[in-house]
Amino acid sequence: EEEHSTRGRARLLFEMINGGVIEDGWRSEAVKDSLDLCLACKGCRSDCPVQVDMATYKAEFLSHYYERRVRPRDHYSLGWLPAVAQAAALAPGLANAIARQPLAKRLAGVDPQRHLPRFAPARIDRWLRRRRPGGSGARGRVLLFPDSFTTAFAPGIAAAAVGVLEAAGF
C-alpha cells in the first residue's frame with residue numbers, strides 16, 4: 001500500500017505539516033501507523049534521488065507524538081535494557097528463569113510466545129578487564145565498542161573479534 005512506501009510516508013508527513021488533509025498534526029494515528037512498519041534502516045536515504053531520510057523523520061515524529069504521553073511498555077523495557085543487563089549479570093541464571101515467565105514478558109510488553117535471548121554467564125566487559133592483551137600490537141591500538149546485545153547476550157562475538165584483531169597485529 002502507498003502509505004507503507006517511502007513516498008507514501010513522506011507524503012503523509014508533508015500533508016501533516018501543511019494541515020488540511022491530516023488535521024491532528026503530531027498526534028496523527030494515520031502517520032504513526034504508516035511509520036510503524038518502517039525499520040529505520042536508512043535504506044531509503046541511499047535509494048532516493050533526493051536523499052529522503054525516513055529514519056530521521058520517524059524519530060522526529062515519534063518524539064513529538066509521545067511528548068507528554070506514556071509510551072508502550074516495550075519502549076521502556078528495551079530502553080532500560082543496558083541497566084537490566086547489568087543487574088542480570090549478578091545472577092544470569094535467575095534472570096533467564098524470570099525472563100522465560102509469561103507474566104514477566106507481559107510486564108515488559110513482549111508477546112508471551114516470543115523466545116527472549118538468554119543472558120550470557122559472563123559479560124564481555126568483565127572478560128576484557130581480566131585478560132592480558134595478546135599479539136604483538138605492532139600495527140597499533142584498536143578501540144572496540146561492543147554494543148549492549150553483544151555485551152550481555154553474545155560475548156563470544158566480541159571475544160572472537162578481539163582474537164582476530166590480535167592475530168592481525170593490533
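1. Axes here are lines fitted to C-alpha atoms, for helices over the stretch in contact, and angles run from 0 to 180 degrees between N-to-C directions.

2. A word on the model: it is predicted, local features need pLDDT of at least 70, side-chain atom pairs count only at pLDDT 80 or more, and totals for chains, interfaces and linings use all residues. Residues are numbered from 1 along each chain as its sequence is written, and side-chain values use heavy atoms, with hydrogens and water left out.

3. Back to our pair: α1 and α4 cross in a left-handed way, meaning that the near helix is turned anticlockwise from the far one by less than a right angle. From α1, the residues T6, R9, A10, L13 and M16 meet M54, Y57 and F61 of α4; contact means heavy atoms within 4.5 Å. Six of these contact residues are nonpolar, one is polar and one is charged. Nonpolar here means Ala, Val, Leu, Ile, Met, Phe, Trp, Tyr, Cys and Pro; charged means Asp, Glu, Lys and Arg; the others, Gly among them, are polar.

4. Now see α1 (residues 6-18) with α2 (residues 29-36): their axes come within 10 Å and cross at roughly 160°. That angle makes α1 roughly antiparallel to α2. This crossing is left-handed too. R9, L12, L13 and M16 of α1 touch A30, V31, S34 and L35 of α2.

5. Which residues of α7 (residues 92-99) are buried? They are P92, A95, N96 and A99, buried being under 20% relative accessible area and exposed over 50% (1.4 Å probe, protein chains only). Seen down the axis, the buried residues of α7 fall within an arc of 100°, so they line one face of the helix; the arc is that of the directions from the helix axis to the C-beta atoms. On the other side of α7, G93 and L94 are exposed. Helices α6 (81-88) and α8 (102-107) are among what covers the buried residues of α7.

6. Finally, α6 has L81, A85 and A88 as its buried residues. Their arc around the axis is only 60°, which puts them on the same side of α6. These buried residues pack against α5 (73-79), α7 and α10 (148-153).

Terms used
Helix = DSSP H or I, 4+ residues; strand = E, 2+ residues; numbered from the N terminus. Parallel < 35°, antiparallel > 145°, perpendicular 65-115°, else oblique.
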